[in-house]
Amino acid sequence: YLSSETVATEIFTMSSNNRICWNDLDTFIYGTATSMYIDGDDMIFMNADNYMTLDTLVLNINAATLVEITSAQLGLSGDFDIEGDIDIEGDIDMAHDKMITWVNDNTFIKGTENAITVDGDNLIYLYADTSIYLNATDTMVKLTTPLTWVTGELEIDGLLDADGDMDIEGD
């Protein structure tokens, strides 16, 4: 047991799997020739006044309930593989012309500073319990398709301008 300050002026070497313990046997550090194990029993605090680097091929964070990162800005790069829900309480700022895709790159949402494209590859469904509004205040809403099918009541308030044939059935 050491009961006062110990200063090592050279390398301090421990035998493999021996522990350095604090207060009890549940708070310790030990290592082997290829790994190091740190057990803080209840908590581990790491502090670097300026910069901290974790450099590894794989970083596995296993938290039973929550990983909390508090930072003014978090910079991450690379691909992310996320299973489960993503709960975001702020904006998602996408880069110019980048996409949110589903299953393949043919089903996506992408945008620029003044336009957004939604491509369902084969189908796009819009559902609302009450109403869906299409609003282009300065010009028009244009449907470009070989067949536009409206089920239910179609109310037109203003000018109806039609080129070509109109096939109207019913009352």
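Colleague: How many bridges join β1 to strand β2?

Modeller: In this predicted model, strand β2 covers residues 24-31 and runs antiparallel to β1. The number of bridges that join β1 to β2 is 4.

Colleague: Which strands stand at the edges of the sheet?

Modeller: The open sheet has 3 strands in the order β1-β2-β3, paired antiparallel. A strand with a single partner has one side left without a neighbour in the sheet, so the edges are held by β1 (19-22) and β3 (36-39).

Colleague: What does the twist average from one strand to the next?

Modeller: The sheet in question is the open one with the order β1-β2-β3. From one strand to the next, its twist averages 25°.

Colleague: Which residues lie closest to the centre of the largest pocket?

Modeller: The largest pocket has a volume of about 1,600 Å³. Its lining consists of 25 residues, divided by class into 13 nonpolar, 4 polar and 8 charged. Those closest to the centre are Leu 143, Val 150, Leu 154, Ile 156 and Leu 160.

Colleague: How many charged residues are in the lining of the second largest pocket?

Modeller: The second largest pocket holds about 1,400 Å³ of space and is lined by 21 residues. Nearest its centre lie Leu 59, Ile 61, Val 67, Ile 69 and Leu 74. By class, the lining has 13 nonpolar and 7 polar residues, and the number of charged residues is 1.

Note on methods:
Residues are numbered from 1 along each chain as its sequence is written. This is a predicted model: local features need pLDDT of at least 70, side-chain atom pairs count only at pLDDT 80 or more; totals for chains, interfaces and linings use all residues. Side-chain values use heavy atoms; hydrogens and water are left out. On a 1 Å grid over the protein atoms alone, a cavity is a set of points where a 1.4 Å probe fits but cannot get out, and a pocket is an open set with protein on both sides within 12 Å along at least five of seven lines; lining residues have an atom within 4 Å of a point. Grid points are joined across faces, edges and corners, and a volume is the space filled by probe spheres set on the points. Ala, Val, Leu, Ile, Met, Phe, Trp, Tyr, Cys and Pro count as nonpolar, Asp, Glu, Lys and Arg as charged, and the others, Gly among them, as polar. Two strands pair if DSSP finds at least two bridges between them. Helices (H or I, at least four residues) and strands (E, at least two) are DSSP runs, numbered from the N terminus. Axes are lines fitted to C-alpha atoms, for helices over the stretch in contact, and angles run from 0 to 180 degrees between N-to-C directions.
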